[in-house]
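Subject: Structure handover and backbone notes

Hello,

Please find the structure below. My notes on the backbone follow it.

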Amino acid sequence: MSTLPRITAERLADPAAASSLAVELAKSGGVGRAVDNDRLFYFGSWERVSAAFADPGLVREHPDRPVPDHPSGRRPSPGLIELDQTWPVFRDPPAHGPLRQALASALFGLPTGDMARIIDDRIGELAKTLRSQDVFDGARDLSPQVPAAAMVALTGFRADAARAVEALVLSMLDRGTPQSAFVAARVALVDALSGALADGIGDGLLSRLRRLMPDAPLPQVLSLTVFVLTTGHGGVRDAISAALWLAATGADQGGLGAAVRSGQSLETAFHETLRLCPPLRMVDRWVAADRSIGRVPLRRGDRVYLLIGAACRDPARFAAPDRFDATRVPARGLGFGSGAHACLGQALAPVLWSSVLRQMLRGDRSVVPNGAAQWSTRSDDGGLESLPLRWA
Ligand code: HEM
């Protein structure tokens, strides 16, 4: 135990150190420890992180602290309409409760053909605008327009609901938004969604959830819908801007442009982008009961970080892990997590990503850097703060 490597925050925040971190941690059974906290552990090899995602003894919430009542089971969110507090969605246990199942069923079938067309049309307009500018920011100018494109479709094609969700996403992304404006934006969205439901319009997320949960009180269904409509946007934006960075700098070895020109599915290229640049580089868990992992004794209440970034570059799983390979096998990393809390947006995110890439990396012009990219310096966030680009 005393020989566990001590991992610094600087090392965690450096994507170039991810593969060496995986190699070093593999020598101690995939486990390391924080520099300044003996009860905080890092799991960093492919094998260890995969096993941890599947381990019911590692849970989302501290085993002894009360969880605030909120549909995510995590942060109370002002302005969210009241939830029946007996319906935990993402808590452990039961992570596979009826609400999560309903959300998964509603989201995994999406987007349908019509929704995908709407997403393509909206993103086409965005790409046209960006193509008409000499320079643009590949991180900032893509948010929140891309998630908004999906939300138009998910709200059942209803324009007022789409506008309301777009306004809410904008208010969430802008740190300067006053609380009152944020709450008003939420209420406006709930009103628009209620209207959509009353009119029986479209095949959106809300109507799907309603069908899947006929006995649930309406406020719960609305609340869940608002939650899902406003989540995951940062991840989508980061996966798109990472791809533009890879293409612009040539770090993709030309693989992304080639994948787009081939006209084939971009699924492998998407997963390779997520593997190399995961938007969420680590997630946390709590130890629910005393146990040993490898030869490391863990106590109830210990905190464990699962290093997605390191696991995705573990050479024991991926040959030449620091190289982008749009045809890589195995294709998938752990960018969406895995197990009980695996991402519910993982069918939707690649549709958005592919639509942007197809429309931005078309053959006639290419994107090139127009200044230095600014990556997040946080150890859990693998996104780009800014990506100055121009057309060549
Ligand atoms: C490329 C984009 C995205 C990435 C990289 C991403 C990544 C992740 C990861 C790593 C988790 C697992 C967290 C954990 O284990 O603690 C997660 C959970 C989740 N994601 Fe995503 N996500 C993305 C897009 C989305 C979108 C578009 C949505 C909604 C439509 C979404 C909805 C969710 C939800 C609801 C959960 C919680 C699942 C649970 O706790 O059971 N995500 N995501």
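A residue is called buried if 20 or more other C-beta atoms lie within 10 Å of its own, exposed if 12 or fewer, and partly exposed in between. Leu218 has 13 other C-beta atoms within 10 Å, so Leu218 is partly exposed. Please keep in mind that this is a predicted model.

Leu218 belongs to helix 10, which covers residues 218-229. Ser194 is 24 residues away from Leu218 along the chain, and the C-alpha atoms of the two are separated by 9.0 Å.

The other notes concern backbone geometry. Most residues other than glycine have a negative phi, and most peptide bonds are trans. The following residues depart from that.

- Gln253 is not a glycine, yet has a positive phi of about 55°. The loop between helix 11 (233-249) and helix 12 (255-262) holds Gln253. Gln253 counts as partly exposed because it has 13 C-beta neighbours inside 10 Å.

- Ala320, also a residue other than glycine, has a positive phi near 40°. Ala320 is placed in the loop between helix 14 and helix 15. With 11 other C-beta atoms within 10 Å, Ala320 is exposed.

- Val329 and Pro330 are joined by a cis peptide bond, with omega about 0°. Pro330 sits in the loop between helix 14 (308-311) and helix 15 (348-360).

Which loop holds both Ala320 and Pro330? Each of them is in the loop between helix 14 and helix 15.

Regards

Definitions and conventions. Residues are numbered from 1 along each chain as its sequence is written. This is a predicted model: local features need pLDDT of at least 70, side-chain atom pairs count only at pLDDT 80 or more; totals for chains, interfaces and linings use all residues. Helices (H or I, at least four residues) and strands (E, at least two) are DSSP runs, numbered from the N terminus.
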